[in-house]
Amino acid sequence: MTPPRRALISITSAHATLFQGKETTGLFISEALHPYKVFTAAGFEVDLTSETGTYTPDWLSQQPDFLNGEDLATWQDANSEFRKKLDNMPKAADIDGSRYGIFYASAGHAALIDYPTASNLQKIAAQVWANGGIVSAVCHGPALFANLLDPATNEPIIKGKTITGFTTEAEITMGIMEELQSWGNDMIDGMAAKLGAKYARAQGIWDDYHVVDGRLVTGQNPASARSTAQAAVEAFEKL
């Protein structure tokens, strides 16, 4: 039986200062908006959720290089379908994972803080996986995999698989590595190595790049959010 044609996009509910304490990280807006558009266009019903039902927008994600044109207009319109769903999203504990065929973890640097221990989001993703659906994540979204176990084997879902995610090289280039390390959680490549997964990446830190390994679909950075969602839809169509 094919899983339901519904997609759930998870949102980080964490926030913290970055860039020497000058700016705030939270949800990287396009990483939720781009998959929302892709899934909606592909005929999926789309819902959003975070561990606490709240979110903080990421400062960097609102800069013109990352948010402009139609995307900016959608974000600024509090009555857009996307904003209404985002601003009124339920907390993950109130979501029934059996209703979804695709789980997609959007991110922002803040996801490194709450995703590794976001047990209700992990429970939903595990349920989608157990029901034969697609589990996908972009940028720092794979931080959710830190404690995401396959219910059938009780092993990490990513063990023995290939994933991508935001590069440590990019963190260093952005000059924020020390601040991120102070949060006490692994970067994506380190987490993958610990859990027995292979980490792959594009040569360029901002290149559009994603990896499909069966029902697991991951993207490297904000520029990959759309193609990662498209690949998740393609993988769903093959189920």
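Analyst: Start with Thr-167, which sits in the loop between β7 and α6 (168–173). The model is predicted. Is Thr-167 buried or exposed? Its relative accessible area is 1%. The cut-off for a buried residue is under 20%, so Thr-167 counts as buried.

Which residues does Thr-167 touch, leaving aside neighbours within four places in sequence? They are Tyr-199, Arg-201, Ile-205 and Gln-220.

Now the chain around this residue. The protein has nine helices and ten strands. Of its 239 residues, 56% are buried. Take the contacts between residues at least 6 apart in sequence: 77% of them join residues at least 24 apart. The C-alpha trace spans about 50 × 45 × 30 Å along its principal axes. The radius of gyration is 16 Å. A compact globule with 239 residues would have a value near 18 Å, so the two agree.

Most residues other than glycine have a negative phi. Asn-154 has a positive phi, near 60 degrees. Asn-154 lies in the loop between β6 (134–138) and β7 (162–163). With a relative accessible area of 58%, Asn-154 is exposed, whereas Thr-167 is buried. Phe-19 is not a glycine either, yet its phi is positive, at about 60 degrees. Phe-19 belongs to the loop between β2 (16–18) and β3 (23–25).

Next, the start of the chain. Pro-4 is in the segment before β1 (6–11). Its relative accessibility is 30%, so Pro-4 counts as partly exposed. Pro-4 and Arg-99 are 95 residues apart in sequence. In space, their C-alpha atoms are 6.2 Å apart. Not counting residues up to four places away in sequence, Pro-4 touches Ser-98, Arg-99, Tyr-100, Gly-101 and Phe-236.

Finally, a helix pair. Two packed helices are described by the angle and the distance between their axes. Here the pair is α1 (residues 29–41) and α2 (residues 69–76). Their axes come within 11 Å and cross at roughly 100 degrees. Angles of 65 to 115 degrees count as roughly perpendicular, and α1 and α2 are therefore roughly perpendicular to each other.

Which residues meet where α1 contacts α2? From α1 come Ile-29, Leu-33, His-34 and Lys-37. From α2 come Glu-70, Asp-71, Thr-74 and Trp-75. The residues of this contact divide into three nonpolar, two polar and three charged.

How do the sides of α2 differ? Asp-71, Thr-74 and Trp-75 are its buried residues. Seen down the axis of α2, these buried residues fall within an arc of 100 degrees, so they line one face of the helix. On the other side of α2, Gly-69, Glu-70 and Gln-76 are exposed. What do the buried residues of α2 pack against? Their partners are α1, α3 (81–87) and α9 (225–237).

Thr-167 is buried, and its contacts include Tyr-199 and Gln-220.

Notes. Residues numbered from 1 in each chain as written. Predicted model: local features only at pLDDT ≥ 70, side-chain atom pairs only at ≥ 80, totals over all residues. Heavy atoms only, no water. Axes fitted to C-alpha atoms, helices over the stretch in contact; angles between N-to-C directions. Helix = DSSP H or I, 4+ residues; strand = E, 2+ residues; numbered from the N terminus. Parallel < 35°, antiparallel > 145°, perpendicular 65-115°, else oblique. Contact = heavy atoms within 4.5 Å. Nonpolar A, V, L, I, M, F, W, Y, C, P; charged D, E, K, R; others polar. Buried < 20%, exposed > 50% of the residue type's maximum accessible area, 1.4 Å probe, protein only. Arc of directions from axis to C-beta. Rg over C-alpha atoms; globule rule 2.2 N^0.38 Å.
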